[in-house]
Amino acid sequence: MSKTCRDIAKHLPDGCPAMLVLPLYASLPYAQQLRVFQGAPKGYRKVIISTNIAETSITITGIKYVVDTGMVKAKKYNPDSGLEVLAVQRVSKTQAWQRTGRAGREDSGICYRLYTEDEFEKFDKMTVPEIQRCNLASVMLQLLAMKVPNVLTFDFMSKPSPDHIQAAIAQLDLLGALEHKDDQLTLTPMGRKMAAFPLEPKFAKTILMSPKFHCTEEILTIVSLLSVDSVLHNPSSRREEVQGVRKKFISSEGDHMTLLNIYRTFKNLGGNKDWCKENFVNSKNMTLVAEVRAQLRDICLKMSMPIASSRGDVESVRRCLAHSLFMSTAELQPDGTYATTDTHQPVAIHPSSVLFHCKPACVVYTELLYTNKCYMRDLCVIDAQWLYEAAPEYFRRKLRTARN
């Protein structure tokens, strides 16, 4: 969209003020985010193309016109398939009014809506609360850690559906966090340790599994990298340049190993900001990764966990990821497409992945993004055999269901 606007700006009719086009989104480097707040040069109009970060988080002075697409990218969880996807969907009426309010904060303004009044009337009145559309595994784990007597009947302000609650319990059960005692759900020793980490249960389990594979240092880095907004900055106008500088970090084993290589170089150079700029790395997010990592490492030390490094042994890191993220895996099908291992949902490798042009037989992913199709993001190549070692009963059950 920014590129289209810049192209239009080159061919404006005479007497039309020039256009300064600026994108705005959460993972954009800090210095570039600041540009949207600076006044436009004399004789220029400032055009900001933003995600819903501009809806509530920030106010930009001097905005007279707002163009609202009526769309938003939001998390959606399907308890039947166990898939949590980031999907493009319609906003609610409340969100639409919030967007309208961005125009003319200091003076009268105009909002152009790219949908009809009839369409607007069909929008939901309110945005669905996040607790009703996300995976509740973390919430359930924390409630159990607080020793809430019956988590199944807990009185939430915005009550999630029973399906969502059951799916969360099933997921925690698979991760070995739960046990059933006298008709009561309680945490296992593993579950209590998982609750100590401010992470999604699957990532807490990844860290707790790492001593078994002697790769705690590497797993701490990978989990920290996945816990913040993207550390990679990919301006589409400089795509070839980005690919050129990234080549030296790319690992054929996937995105997790590539990110690990980038972080290691960043640390070895003492967090050099110029290096970040040259390599299209977001230095602010990288610094945040280091802070998150230090916090997680402290929790491990408090638990007296042995913190070892796998040195150059990449396989042990991949095995550890396979053993804890086995619910987020996909296998290559005979026709060259991918399907998730458990629910056989068709998925594809995201174009931003280093594995985009490869066809590994089996991968583990950390996120699904739904646009025109369902894409897997942050992938790691694994061996299907490791999955059966990780959760033999789970995969046997899935195979039985598939055969029936």
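This is a predicted model: local features need pLDDT of at least 70, side-chain atom pairs count only at pLDDT 80 or more; totals for chains, interfaces and linings use all residues.

Q: How do the residues lining the second largest pocket divide into nonpolar, polar and charged?
A: There are six nonpolar, two polar and two charged residues in that lining. Residues are numbered from 1 along each chain as its sequence is written, and side-chain values use heavy atoms, with hydrogens and water left out.

Q: OK, which residues line that second largest pocket?
A: The lining is made of Leu144, Ala145, Lys147, Val148, Pro149, Gln184, Leu185, Thr186, Leu187 and Arg192. A pocket here is an open set of points on a 1 Å grid over the protein atoms alone, where a 1.4 Å probe fits and there is protein on both sides within 12 Å along at least five of seven lines; lining residues have an atom within 4 Å of a point.

Q: Which element gives the most to the lining of the second largest pocket?
A: That's β8, with four residues. Both α6 (137-145) and β8 (184-187) supply at least two residues each. Those labels are DSSP runs numbered from the N terminus: helices are H or I with at least four residues, strands are E with at least two.

Q: And how much space lies in the second largest pocket?
A: About 200 Å³. The volume is the space filled by probe spheres set on the grid points, which are joined across faces, edges and corners.

Q: Switching topic: what does UniProt place at residues 1-147?
A: The unreviewed UniProt entry has "domain: Helicase C-terminal" there. UniProt positions are given in the numbering used here, feature names are shortened, and annotations may be inferred rather than shown by experiment. In the model, residues 1-147 are 28% helix and 26% strand, with the end C-alpha atoms 50 Å apart.

Q: How many aromatic pairs are there?
A: The count is 10. Rings of Phe, Tyr and Trp (its six-membered ring) pair if their centres lie within 6.5 Å; planes under 30 degrees apart count as stacked, over 60 as edge-to-face and the rest as tilted. Phe326 and Tyr394 make an edge-to-face pair, 5.5 Å centre to centre with 65 degrees between the planes.

Q: Where do Phe326 and Tyr394 lie?
A: Phe326 is in the loop between α15 (314-324) and β9 (329-332), while Tyr394 is in helix α17 (residues 392-403), so the pair ties together parts that are 68 residues apart in sequence.

Q: Are Phe326 and Tyr394 buried or exposed?
A: Both are buried. Buried means under 20% relative accessible area, exposed over 50%, and partly exposed in between (1.4 Å probe, protein chains only).

Q: Which residues form an aromatic cluster?
A: Trp97, Tyr115, Phe120 and Phe123 form one. Lys93 lies over the face of Phe120, 5.7 Å from the ring centre, and Arg113 lies over the face of Trp97, at 4.5 Å. A charge sits over a ring if NZ of Lys or CZ of Arg is within 6 Å of the ring centre and within 35 degrees of the ring normal.

Q: What about helix α9, how many of its residues are buried?
A: Nine of the nine residues in α9 (residues 201-209) are buried. Among them are Pro201, Phe203, Ile207 and Met209, along with Lys202 and Lys205.

Q: What's the phi of His214?
A: His214 has a positive phi of about 55 degrees although it's not a glycine. Most residues other than glycine have a negative phi. His214 lies in the loop between α9 and α10 (216-227), and His214 counts as exposed at 53% relative accessibility.

Q: And what about the phi of His344?
A: His344 also isn't a glycine, and its phi is positive at about 55 degrees. His344 lies in the loop between β10 (338-340) and β11 (346-349). With 48% relative accessibility, His344 counts as partly exposed.

Q: Last one: where is Ala167?
A: Ala167 is in helix α7, and it counts as buried at 14% relative accessibility. The C-alpha atoms of Ala167 and Cys215 are separated by 30 Å, and the two residues are 48 residues apart along the chain.

Definitions and conventions: Ala, Val, Leu, Ile, Met, Phe, Trp, Tyr, Cys and Pro count as nonpolar, Asp, Glu, Lys and Arg as charged, and the others, Gly among them, as polar.
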